[in-house]
Amino acid sequence: MLRIRDGALSTRPDTLVAEEPLEIRLNGKPLAITMRTPGDDFALAAGFLVSEGVLAAAADLQNIVYCAGATADGSNTYNVVDVRTTPDVALPDFTLERNVYTSSSCGLCGKASLDAVRTTARFPIADTPPVRVTPELLACLPDRLRAAQRVFDRTGGLHAAALFTEDGELLDIREDVGRHNAVDKLVGRALQSGGLPLSRTILLVSGRASFELAQKAVMAGIPVLAAVSAPSSLAVDLAAETGLTLVGFLRGRSMNVYAGEDRIALEKAAAQG
């Protein structure tokens, strides 16, 4: 690349994040295409199907394979995966009008209506007793996520999603060019290990909290979603409807709680204020 700094020119190699399409097939039938960072493709596909309401447990999943012969010459590009479910899993209607392209920036777009996106939650949020987190604990999570990001330091082009325990212990972190893909990878790994529902966890995402990310949290039974940037209005609406705790603008000791404030232990914060 050509680097320009204060009028000075130089050339140097640069490290860029990889972005390639991944086609997800369900029992042999094309279902969706997402732009993603290669890696954890099977977890990504499994997590996507959790958020779509198809998979709910490891027992629903028979296997996931890369499809050979994905190109005209029969070679394997490792960009097409086929998810095989067990016979008793109810499949989505492949004839429904839907845009099956998902971009790296916004996730699944162009669905016929908002109602089509509000898939029925397989794991209603049911953290009993309720998860309780302090503002001080939430304030520490972005630094812990950032410290765990390996690729971001080299490329500057990846989003991250991390799962924490209610005590702030890092459980898993995934990175991808699309933040929705990073969340799908987390949820997919949890499905594969028999960890769903994630009823006592905190999901932290780099960037904003969209409706789709809130939906993915709800579908996985996650009670707390925190983002370092702004939530969308639909994300707030969905959080309020489902009982999800939604925190935005989590930066340092500052944050906004848009829904589910009952899970935030505010006594100490109120005393300090």
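Predicted model: local features only at pLDDT ≥ 70, side-chain atom pairs only at ≥ 80, totals over all residues.
Student: Are the rings of F42 and Y66 stacked, tilted or edge-to-face?

Tutor: Let's take the distance and then the angle. The ring centres of F42 and Y66 are 4.9 Å apart. Planes under 30 degrees apart count as stacked and those over 60 as edge-to-face. The planes here stand at 45°, so the pair is tilted.

Student: How many residues apart are F42 and Y66?

Tutor: Good thing to check, as this pair links distant parts of the chain. F42 belongs to helix 1 (residues 41–51), while Y66 belongs to strand 5 (residues 61–66). Their separation is 24 residues.

Student: Is Y66 buried, partly exposed or exposed?

Tutor: Buried needs under 20% relative accessible area, and exposed needs over 50%. Y66 has 28% relative accessibility, so Y66 counts as partly exposed.

Student: What geometry does the pair of Y66 and Y78 have?

Tutor: The centres of Y66 and Y78 are 5.0 Å apart. Over 60 degrees counts as edge-to-face. With 80° between the planes, the pair is edge-to-face.

Student: Where is Y78?

Tutor: Y78 is 12 residues from Y66, which is in strand 5. Y78 itself lies in the loop between strand 5 and strand 6 (80–85).

Student: Which residues form one aromatic cluster?

Tutor: Y66 pairs with F42, and Y66 also pairs with Y78. The one cluster is formed by F42, Y66 and Y78.

Definitions and conventions
Residues numbered from 1 in each chain as written. Heavy atoms only, no water. Phe/Tyr/Trp six-rings, centres within 6.5 Å; stacked < 30°, edge-to-face > 60°. Helix = DSSP H or I, 4+ residues; strand = E, 2+ residues; numbered from the N terminus. Buried < 20%, exposed > 50% of the residue type's maximum accessible area, 1.4 Å probe, protein only.
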